[in-house]
Amino acid sequence: MTVALIEAGIEPDLLVGTSVGALNAAFLSTRPGIDGALTLMAASSALRRREAFRFHVLTVLAGSFGVRDNLVSAQHLRGLIRRWVEIDRIEQATTRLAIITTDALTGEPVVLTTGAIGDALAASSAIPGLFPPVRIDGRWLIDGSLSANRPVLQAQALGADDVYVITTTTAPRLRPPRGAVAMAMNSVSLVTARADHEQLAAAVKRATDTGGRVLVVPSPEPPAPGPFDFRRSAALAKAAYQRTIVWLTNEASLATRDSDSISEENSLATYTTPVP
């Protein structure tokens with residue numbers, strides 16, 4: 001999706017990301033332009049589960065019996081963050097960056113624009129029960145998608161006028177997912193879906209009142225993969241690119257404007273990854 005947008009002259013001057021989308025946004029924040037987008041597409045396509053998730057019997061048992069608050073160590077996730085992100089602190093990003101997390105005690109969204117980027121990204125991706133929460137500035141923070149799956153309101157609060165929302169929405173499920181973790185993650189997604197739609201509607205209204213725009217870049221809506229299945233990444237990236245090309249061609253609000261006028265605007269992209 002990002003490659004197609006940048007090819008059309010739509011380059012963000014602010015990146016706002018939630019959950020795994022925060023990792024994508026951080027990747028792009030240090031590699032602006034088409035080269036960075038192509039590099040991200042290639043890296044995502046080559047990513048495999050063991051680079052971010054590794055289950056160990058002792059950790060799973062400790063989490064199951066309440067000795068720990070997680071089933072998976074964040075060690076490999078943090079290793080992936082260090083490989084993908086070329087800065088130590090959020091404020092060092094070439095393109096302005098904001099990372100969305102959730103306060104584990106209040107459920108409120110927490111927007112991070114400064115501080116250690118490794119901690120911020122680990123917190124934003126900390127699926128409850130799977131990864132441990134991260135303590136930042138006296139608050140325990142977890143997965144940002146629980147409070148702001150599409151952080152458009154947060155982007156607008158940071159000054160965004162035109163917002164391009166990039167998601168990875170899948171097709172409706174025909175049957176429940178298999179596996180305890182997959183079932184739990186899908187349940188969380190269902191619970192947060194209503195709040196997600198309400199927040200997006202509020203953001204659209206705000207944009208209308210202020211003269212901005214909120215444009216949701218459509219996903220190709222493939223069947224939902226398993227939560228730890230990365231084998232289809234390359235095919236999904238290709239399908240998303242092609243779907244975005246079609247959308248850019250047919251979207252009336254964009255087709256009537258030339259690419260020069262679009263690229264000169266205060267454009268922004270929010271990167272989110274809903275729970276499968």
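Predicted model: local features only at pLDDT ≥ 70, side-chain atom pairs only at ≥ 80, totals over all residues.
Colleague: In which helix does Asp196 lie?

Modeller: Helices (H or I, at least four residues) and strands (E, at least two) are DSSP runs, numbered from the N terminus. Asp196 belongs to helix α9.

Colleague: Which residues is Asp196 in contact with, leaving aside its neighbours within four places in sequence?

Modeller: Contact means heavy atoms within 4.5 Å. With those neighbours set aside, Asp196 is in contact with Asn149 and Arg150.

Colleague: With which residue does Asp196 form a salt bridge?

Modeller: A salt bridge is a side-chain nitrogen of Lys or Arg within 4 Å of a carboxyl oxygen of Asp or Glu. Asp196 forms one with Arg150, and the closest N and O atoms are 3.6 Å apart. This pair links distant parts of the chain, 46 residues apart: Asp196 is in helix α9 (residues 180–210), and Arg150 is in the loop between α7 (145–148) and α8 (152–157). Arg150 counts as buried because its relative accessibility is 13%.

Colleague: How many salt bridges does the count come to by this rule?

Modeller: The count comes to eight salt bridges. One of them joins Asp209 to Lys205, with the closest N and O atoms 3.1 Å apart. Both Asp209 and Lys205 lie in helix α9, four residues apart, which is about one turn of the helix. Asp209 and Lys205 are both exposed.

Colleague: Which residue forms a salt bridge with Glu108?

Modeller: Glu108 is paired with Arg139, the closest N and O atoms being 3.7 Å apart. Here too the pair links distant parts of the chain, since 31 residues separate Glu108, in the loop between β2 (96–103) and β3 (109–112), from Arg139, in strand β5 (residues 139–143). Glu108 counts as partly exposed because its relative accessibility is 44%. Arg139 also counts as partly exposed, at 31%.

Colleague: Which residues are linked with Arg139 in a network of salt bridges?

Modeller: The network links Asp103, Glu108 and Arg139. Asp103 and Arg139 are 36 residues apart in sequence, and their C-alpha atoms are 6.7 Å apart in space. Not counting residues up to four places away in sequence, Arg139 touches Asp103, Thr106, Glu108, Val110 and Val134.

Colleague: Which residues is Arg78 in contact with, leaving aside its neighbours within four places in sequence?

Modeller: Those contacts of Arg78 are Gly118, Asp119, Ala122 and Val134. Arg78 is found in helix α5 and counts as partly exposed, at 25% relative accessibility. Arg78 and Gly118 are 40 residues apart along the chain, and their C-alpha atoms are separated by 6.6 Å.

Colleague: Turning to helix packing, at what angle do α2 and α5 pack?

Modeller: Axes are lines fitted to C-alpha atoms, for helices over the stretch in contact, and angles run from 0 to 180 degrees between N-to-C directions. Helix α2 (residues 20–29) and helix α5 (residues 75–84) pack at about 25 degrees, and their axes are 9 Å apart. That angle makes α2 roughly parallel to α5. Angles under 35 degrees count as roughly parallel, over 145 as roughly antiparallel, 65 to 115 as roughly perpendicular and the rest as oblique.

Colleague: Which residues of α2 and α5 meet?

Modeller: Leu23, Asn24 and Phe27 of α2 meet Leu80, Ile81 and Trp84 of α5. By class, this contact has five nonpolar residues, one polar and no charged. In this scheme Ala, Val, Leu, Ile, Met, Phe, Trp, Tyr, Cys and Pro count as nonpolar, Asp, Glu, Lys and Arg as charged, and the others, Gly among them, as polar.

Colleague: At what angle do α2 and α6 pack?

Modeller: Helix α6 (residues 117–124) packs with α2 at about 150 degrees, with the axes 7 Å apart. The two helices are therefore roughly antiparallel to each other. In this contact, Ala22, Leu23 and Ala26 of α2 meet Ile117, Leu121 and Ser124 of α6. The residues of the contact of α2 with α6 divide into five nonpolar, one polar and no charged.

Notes: Residues numbered from 1 in each chain as written. Heavy atoms only, no water. Buried < 20%, exposed > 50% of the residue type's maximum accessible area, 1.4 Å probe, protein only.
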